[in-house]
Amino acid sequence: MSRGLDQRRVGRAEPEEDILSKSTQKELPIKDSISHTPSQPYARVAVLGAGSWGTALATVLARNGREVRLWARRPDLAERINETHENADYLPEVALPNGLRATADLSHALEGAEAVLMVTPSSTLRPMCQAIASHIPAGIPIALACKGVEKRTGFLLSEVVSEVLPGHPVGAVSGPTFARETALDHPTAATVAFPFSYADRLAPEQSPAARLAMSLSGGGFRPYVSDDLVGVEVGGAVKNVIAIACGMMSGAGFAENTRAALITRGTDEMKALAQALGGSRETVTGLSGAGDLTLTCSSTTSRNMSLGYQLGQGIARPSCFEGRPVVVEGEVNAVSVTDLAHRINVPMPICETVHAVLHKGADLQAAFTALWARPIEAEPNALDLSLTHPTPDMPLQFGVS
Ligand SMILES: NC(=O)C1=CN([C@@H]2O[C@H](COP(=O)(O)OP(=O)(O)OC[C@H]3O[C@@H](n4cnc5c(N)ncnc54)[C@H](OP(=O)(O)O)[C@@H]3O)[C@@H](O)[C@H]2O)C=CC1
Ligand SMILES: O=C(CO)COP(=O)(O)O
């Protein structure tokens, strides 16, 4: 039984700070005996997924001197990337570095890799892990660059990896990082998170988080390191759902006050979920939480914001993105995040509202009117209040700018 599933059974988990301080106290003699030599970047990295984000991360790694094998699902795309040094399907007109080679053969992609990045949509993670199981040597660190919660199980994506591929350190790379800007080397910061314990007899500098951060670091790409994987993963999964809410309200004609309220209250929903799963509320105020939420809620470059915006304008789902299939993680994660929140009794009213509109046929205007008319709450939730909204039946004035 995985750690997360245990926590979901018993409800609220022991706070991360307590776990860390206890283990640090116990492990002090080990900590003192570890030598802190400089961190070595990984020489060769496999990036699985040649969509926009996989290609951007592979570009950063290769530009910073790593040998990179980029796995593309379609052999023709792999061939075109190698011939033209461009991924015209996902990042047109971005020159890809020489150290980046694409392949459609998973065993070839993983051959000699010292670390692996998983960058296909979250719903494909479990089959991807199953597909690589016989090709990946034991102990190779696996970092998630996809964002989400698994729908059927309510597992964080790291728990999916640990279940299918036990024995690998599992972490994540997450932050406010639009793929195209990252590939073009615009100044970008992100968090690299792996759980850390001195009991593993590694100095922090030798941890997978530090080594992967060193591997990515350079040019415009500035990584930060964290050991709160739960907090980092929760931010990445939830921010996409909140961005859809932001898009819906913007598309329906509301402006900056509304966006700021949704970003702030959305951050609170992330904090509550992270804490309930054993992560830290503080992590959620960092790049992978509030940082990514701010980015994603700020422009229709975001596919999640854009979907919400179109729905808020009254465009029917099949016509959004001109009918093209586009990966919108918040759409599937509106279901998985709210299901998980129900299981462990965490109120997430914005995510609930998005879920109701996307998947339960709720009317967008009525659903957001109800969201705004909820009983008044304390901020932060220290006070035990019982205050009803004074005008619960007055609808929001949609369409008035
Ligand atoms: N784009 C961005 O700016 C960022 C994205 N992310 C996250 O990265 C993840 C991937 O998104 P992104 O790269 O943007 O998506 P894209 O739509 O750009 O690319 C999707 C990729 O996944 C592949 N794929 C689709 N279905 C499957 C499947 N069933 N099995 C294996 N591969 C599949 C596609 O292959 P094919 O071309 O053959 O269909 C393609 O390579 C998401 O979780 C997203 O949230 C995180 C940070 C930034
Ligand atoms: O995660 C992202 C930026 O950090 C990309 O957001 P979208 O999937 O909404 O485009």
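**Helices on the sheet**

Tutor: Helix α11 (residues 229-251) lies across β6, β7 and β8, running at about 45° to β6. Helices (H or I, at least four residues) and strands (E, at least two) are DSSP runs, numbered from the N terminus. Angles run from 0 to 180 degrees between N-to-C directions, with axes as lines fitted to C-alpha atoms, for helices over the stretch in contact. This is a predicted model: local features need pLDDT of at least 70, side-chain atom pairs count only at pLDDT 80 or more, and totals for chains, interfaces and linings use all residues. Residues are numbered from 1 along each chain as its sequence is written, while chains are lettered from A and ligands numbered from 1 in the order in which they are written.

Student: What order do the strands of the open sheet have?

Tutor: The order is β3-β2-β1-β4-β5-β6-β7-β8, with mixed pairing. Two strands pair if DSSP finds at least two bridges between them. β3 (100-103) and β8 (221-226) are at the edges with a single partner strand each, so one side of each has no neighbour in the sheet.

Student: How many bridges join β6 to β7?

Tutor: There are 3, and the two strands run antiparallel. Serine 174 is opposite threonine 191 in β7.

Student: New topic: which residues are closest to ligand 1?

Tutor: Gly51, Ser52, Trp53, Cys146 and Ala179, out of 23 that surround ligand 1. A residue counts as near if its C-beta atom, placed from the backbone, lies within 6 Å of the molecule.

Student: And which helix gives the largest share of that shell?

Tutor: Helix α4 (residues 52-63), with 3 residues.

How values were computed. Two residues are in contact if their C-beta atoms, placed from the backbone, lie within 7 Å.
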